[in-house]
There are 2 protein chains.
Amino acid sequence: MSKQKVIIIGAGLSGSLLAIYLAKHGIECDVYEARGDMRSETVAAGRSINLALSNRGIAALKEVGLDEYMLAEAVPMFGRMIHATDGATKLLPYSGRTGEYINSVSRGGLNVALMNEAEKYDGVRFHFNRRCTDFDCATGAVRLDTGEILRGDTVIGTDGAGSVIRNAMFQTVERFSYSIKWLEHGYKELNIPPGDFGFRISDFGSEENRDSEGLFRLEKNALHIWARHSFMMIALPNFDGSFTCTLFLAHEGENSFAGLTDERSLLSFFETNFPDAIPLMPTLTEDFFANPTGNLGTVKCFPWNVGGRALLIGDAAHAVVPFYGQGMNCSFEDCRVLNRLIESHGPDWETIFGEFAMMRKPNADAIAEMAEENFYEMRDAVADPIFQRKRALETRLEHDFPAYFSKYSMVTFREDLPYAVARQKGNAQDEFLMRLCAEFEDIDQLSLYDVLQKLREYA
Amino acid sequence: MSKQKVIIIGAGLSGSLLAIYLAKHGIECDVYEARGDMRSETVAAGRSINLALSNRGIAALKEVGLDEYMLAEAVPMFGRMIHATDGATKLLPYSGRTGEYINSVSRGGLNVALMNEAEKYDGVRFHFNRRCTDFDCATGAVRLDTGEILRGDTVIGTDGAGSVIRNAMFQTVERFSYSIKWLEHGYKELNIPPGDFGFRISDFGSEENRDSEGLFRLEKNALHIWARHSFMMIALPNFDGSFTCTLFLAHEGENSFAGLTDERSLLSFFETNFPDAIPLMPTLTEDFFANPTGNLGTVKCFPWNVGGRALLIGDAAHAVVPFYGQGMNCSFEDCRVLNRLIESHGPDWETIFGEFAMMRKPNADAIAEMAEENFYEMRDAVADPIFQRKRALETRLEHDFPAYFSKYSMVTFREDLPYAVARQKGNAQDEFLMRLCAEFEDIDQLSLYDVLQKLREYA
């Protein structure tokens with residue numbers, strides 16, 4: 001391959017991983033990041049603190065040699081822990097097979113690890129505090145806020161949901177389809193600090209709940225959900241013993257951020273809806289009024305490339321809402337797929353970008369839709385007895401017949417299966433199983449073998 | 001009502017009709033139009049030459065007293081005339097009831113009639129060659145290309161699919177959802193001039209084919225369709241004896257505009273696909289290479305208003321593809337609904353706009369989706385024997401049981417039925433009838449009464 005130089009816009013998770021992949025092909029990368037270097041200064045990322053890393057993302061980290069390192073810092077989550085209003089908890093495992101779980105990782109920690117790894121390669125240079133302000137679709141030139149004009153063999157936009165490269169394409173590419181859709185719900189991050197008075201919880205038997213620094217105040221190895229129909233709170237464990245909570249609530253109307261205007265209304269809302277969480281959140285009021293309320297949106301666009309001059313990947317091409325825990329995993333899969341195409345085609349960027357977009361677009365659309373649908377599943381269905389029976393039945397099926405994969409498992413654990421296939425098959429399965437579980441209140445009456453046969457006919 | 005002043009951006013069909021409605025409430029209207037006055041100069045509208053006016057649009061024209069006048073200049077179309085490749089034709093009526101048909105009207109003629117009517121009111125002023133360049137969502141001020149800054153009690157954007165008011169909202173309104181989606185197909189307008197050598201066609205018996213100026217070279221009272229699966233041509237009659245043809249074809253790929261580069265490739269394409277049309281189109285080559293190739297897109301957005309300061313209506317809020325013939329009809333319905341809300345609320349613009357958007361958004365989404373779906377019906381299904389049987393069956397049902405309405409009839413002839421209801425009911429009916437017609441090759445075997453009973457259970 002002739003010596004190529006690629007300009008990457010954005011040093012977030014996708015941009016940093018992409019730089020490693022490209023460097024391994026001997027391609028030079030200049031990565032321009034609007035923010036400062038999070039390794040040497042405090043950077044307001046404006047994004048979630050932790051993330052669920054699962055098989056699609058791990059497959060990419062494996063290819064660049066970072067999976068072992070990262071997973072050492074991850075907290076496995078084996079299932080959803082449902083918190084009822086009366087404080088009762090119930091665990092719904094993510095899979096009936098052993099060894100299938102998702103991992104809570106620190107966004108910042110993973111980003112730093114990826115940048116450090118990328119910088120081991122000679123051809124990779126990160127440039128911080130350099131904001132891309134415009135992209136010229138006709139010439140491929142990138143303009144920075146410093147006035148610099150950059151040119152490379154091609155430009156890859158990994159500049160996230162608010163992508164400047166995408167906006168330039170929207171302004172100038174003929175028939176550029178573009179959609180941004182906001183949920184009525186926003187989110188706010190809150191905190192459960194590590195315990196300091198010695199109690200421990202261990203629903204999971206073998207798992208030790210004491211870790212590097214503190215004691216986990218809730219079951220460590222689960223994603224906690226307080227599902228309250230029109231809203232919900234979740235909590236993911238951090239490596240230091242804390243949990244990061246995220247409250248998802250409508251911006252306006254009944255039970256909304258608009259109604260939580262002071263300590264009194266906030267505490268009354270929590271006492272009514274999350275009474276078991278209050279004693280775990282000593283800084284609830286401070287956190288709530290100090291932290292920003294974020295918006296949740298889905299971005300779709302097409303085409304993703306301007307000939308061989310530019311390509312969008314990750315959130316820049318397809319930002320999704322966080323409810324399937326697949327945003328980062330999907331972006332990492334983008335990098336994997338792009339890497340394979342570079343292997344096949346060499347630096348024929350126009351061919352690579354065209355094929356990439358055609359291959360990935362249906363899958364990006366599928367996960368975007370599943371992520372929206374899962375919002376309703378998480379806040380409504382997980383508290384619904386029929387849904388809980390269905391999940392129990394799926395867990396048993398996966399346990400007794402390991403070749404069976406639930407929709408969730410196909411999306412989360414089957415990095416060999418495109419999202420679009422997982423969605424289509426998964427929806428057909430779900431429809432059948434929900435009908436079955438609505439009919440049978442006691443799933444012990446069902447023969448798992450018969451259910452599996454019917455599922456094969458049906459889905 | 002205290003004397004109100006409304007600024008309308010755009011003097012197209014919606015803006016001109018809206019001005020009449022507002023003037024009837026004693027509201028002053030200043031209408032700013034980027035183009036010149038089409039009554040005194042030639043204006044490149046960049047839009048189709050004729051349009052299908054049907055019940056929803058007529059209902060609005062009736063309310064402002066223009067229905068009689070317009071319908072005198074309209075050409076009724078009683079059904080779709082399907083042209084097979086071998087030149088054979090077949091008529092599929094739009095309805096089984098008498099008196100239900102759609103009308104081919106001149107866009108320019110209707111626009112002029114609406115402007116003339118609006119100007120009869122003292123409070124209405126049209127300002128041509130005044131392009132709106134920006135709207136300030138915070139203050140409600142409108143900026144024109146002349147540098148003028150305008151203020152009124154409120155601003156209504158009727159500035160079409162490329163709305164400047166909408167773009168200003170997109171830039172500044174938080175959580176403004178916005179989507180523009182382009183079809184792979186574009187369109188080009190072509191022409192069938194009036195006949196000058198005396199032949200006439202009269203499939204419709206009683207209808208006279210000779211009209212004001214010339215002889216119609218095809219059945220006058222039909223919408224002609226040359227459906228060729230991946231593309232199609234249609235033709236609508238004009239009052240002067242000509243037809244305006246529209247060729248819908250992919251931009252790129254097999255059978256596309258990209259492949260029609262010279263007279264030879266054009267004529268070869270027409271000889272293969274539309275041989276019966278060639279003798280009717282003496283200026284085919286000139287028209288094809290002189291006329292622009294247009295794009296077809298769907299625009300969705302929300303919210304449609306900025307408090308009581310601004311509202312989008314018509315294409316500015318919800319541009320649709322032309323395949324259900326409902327773009328103008330839907331926009332006129334917008335004006336009707338807005339008028340009723342003004343009657344209820346007086347000049348409380350914030351209340352009116354909020355209610356308007358909540359009422360109309362589901363219906364605008366429904367017609368947008370039906371218009372896209374109808375593209376596939378028109379180019380594929382109308383040439384499919386099962387579909388043709390289904391239409392024949394529906395026509396008989398409507399004839400024998402006038403209380404039955406097909407999906408097409410609900411959308412087109414039932415101005416009392418919201419689009420969203422027509423879509424939901426219509427889809428359920430269609431699914432049942434298509435299954436039935438796939439099963440029965442001879443619909444004479446079916447008891448219409450039994451079919452109707454089953455339809456009532458099903459849909």
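Predicted model: local features only at pLDDT ≥ 70, side-chain atom pairs only at ≥ 80, totals over all residues.
The interface itself comes down to 14 residues of chain A in contact with 13 residues of chain B. Of the interface residues of chain A, 93% are also interface residues in chain B, so the copies meet through the same surface. Together the chains bury about 1200 Å², with 49% of that on carbon and sulfur atoms. Three residues of chain A lose the most area to chain B, namely R175(A), Y178(A) and W182(A), and together they make up 46% of what that side buries. As for charge pairing across the interface, the count between chain A and chain B is zero salt bridges.

Over all chains, though, the whole structure holds 56 salt bridges. One pairing is that of K181(A) with E372(A), whose side chains meet at 3.1 Å, N to O. This pair ties together distant parts of the chain: K181(A) belongs to strand β13 (residues 177-192) of chain A and E372(A) to helix α10 (residues 349-379) of chain A, 191 residues apart.

In chain B, helix α10 (residues 349-379) packs against helix α13 (residues 419-439), their axes 7 Å apart and at an angle of about 45°. From α10(B), the contact draws on R360(B), P362(B), N363(B), A366(B), I367(B), E369(B), M370(B) and E373(B), while α13(B) brings in Y419(B), A420(B) and R423(B). Sorted by class, that contact of α10(B) with α13(B) comes out at six nonpolar, one polar and four charged residues.

F302(A) and P303(A) are joined by a cis peptide bond, with omega about 0°, and P303(A) sits in the loop between β17 (294-302) and β18 (305-306) of chain A. In chain B, a cis peptide bond likewise joins F302(B) and P303(B), again with omega about 0°; here P303(B) is in the loop between β17 (294-302) and β18 (305-306) of chain B. Then there is H229(A), which is not a glycine but still has a positive phi of about 70°. H229(A) is found in the loop between β14 (222-227) and β15 (232-237) of chain A.

Terms used:
Residues numbered from 1 in each chain as written. Chains lettered and ligands numbered in written order. Heavy atoms only, no water. Axes fitted to C-alpha atoms, helices over the stretch in contact; angles between N-to-C directions. Helix = DSSP H or I, 4+ residues; strand = E, 2+ residues; numbered from the N terminus. Contact = heavy atoms within 4.5 Å. Nonpolar A, V, L, I, M, F, W, Y, C, P; charged D, E, K, R; others polar. Buried area = accessible area lost by both parts, 1.4 Å probe. Salt bridge = Lys/Arg side-chain N within 4 Å of Asp/Glu carboxyl O.
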